[in-house]
Amino acid sequence: MNCNIIKDLFPSYIDGICSEDTSRVVEEHIHHCEECRLYLEVMEQPTNTILAEEVMVAKAPFKRINKKRRIQVFISILITFIITIIGSLVVQEVGAVRQIFFPMSTATVNLTDDKEEWNTLYFDDKDYIKFDSIFWNKEIVNHANNNSEVLLRIKDANGHVIVDEFHISPGKSKKLEGLKKNVNYYLEIKAKKGRFFINVV
C-alpha cells in the first residue's frame, strides 16, 4: 500500500479507533517499510518531548553566542586590569608623569630667629608657584613633621596681598580658593624658629 495512505491512517491507529483489518494493514506495512516505522515512532512520542528537543536545538546557537560573549567580557576585564596596573606603575615610577597627574611642589625654609618676620617661600628654586595644570588641587599643606603652626599669605606679581594671612597647624591643609591657572603667586611664611616644609598640591 502507498506510504502516504498509511501515514494518513497513523492518527487513527495510534488512538486505537481503526478497525482490526486496518490495524493489520498498517502493522504489515511498517514491518517492511523503515521510513513509515520511523515516522510512526516520531508521531507516538509525547508532544512535550518533541518540543523539548526542538527547544534544545533552537537554544544551541545562543549557547555558543553566550559562551563567546563571556570570553569577550573576561578578556576585556583582563586587558583593563593589566592597563590599570601598568598605568599605576608608570605614574609611581616616572616622576614626570606623576607630576602631570598628581602635581606637588615643596618649599623648605629655615627660620633662624624668633622675630617672626615674613619670609618668601621658594618652590623648586623659584620664589613663586604657578598652577599650570588642571590637576592641581590648589591646596597648601603644613607638613606633619613641622614643629609648630605657620602663618601664610599670598601675593601677586605686583606685591599686593591677594590671600590674607591664615594659620595652618602641622599636618593640616587649607584650600586656596579663587586662584587662577598660569598665574605666578608668591607665598610668604611667618613662624617660630625652626625648619619648615610646606607642600602645595
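Residues are numbered from 1 along each chain as its sequence is written. Because the model is predicted, local features need pLDDT of at least 70 and side-chain atom pairs count only at pLDDT 80 or more, while totals for chains, interfaces and linings use all residues; side-chain values use heavy atoms, with hydrogens and water left out.

**The chain as a whole**

The chain has 5 helices and 9 strands. Helices (H or I, at least four residues) and strands (E, at least two) are DSSP runs, numbered from the N terminus. Read from the N terminus, the order of the elements is α-α-α-α-α-β-β-β-β-β-β-β-β-β.

The average pLDDT of the chain is 85, and 86% of the residues score at least 70. Here pLDDT is the predictor's confidence in each residue, from 0 to 100. Among the elements, β8 has the highest mean pLDDT, 95, and helix α5 (residues 95–101) has the lowest, 63. Where pLDDT is low, the predicted coordinates should not be read in detail.

Of the 201 residues in the chain, 25% are buried. Buried means under 20% relative accessible area, exposed over 50%, and partly exposed in between (1.4 Å probe, protein chains only). The accessible surface of the chain comes to about 14,000 Å², and carbon and sulfur atoms hold 55% of that surface. Such areas come from the Shrake-Rupley method with a 1.4 Å probe; for residues, only the protein chains shown count as cover.

A contact means heavy atoms within 4.5 Å. Among contacts in the chain with a separation of 6 or more, 69% are between residues 24 or more positions apart.

**K174 in strand β7**

Strand β7 contains K174. K174 is partly exposed, because its relative accessibility is 33%. Which residues does K174 touch, not counting those up to four places away in sequence? They are K138, E139, I140, F166 and I168. E139 is 35 residues from K174 along the chain, and the C-alpha atoms of the two are separated by 5.6 Å.
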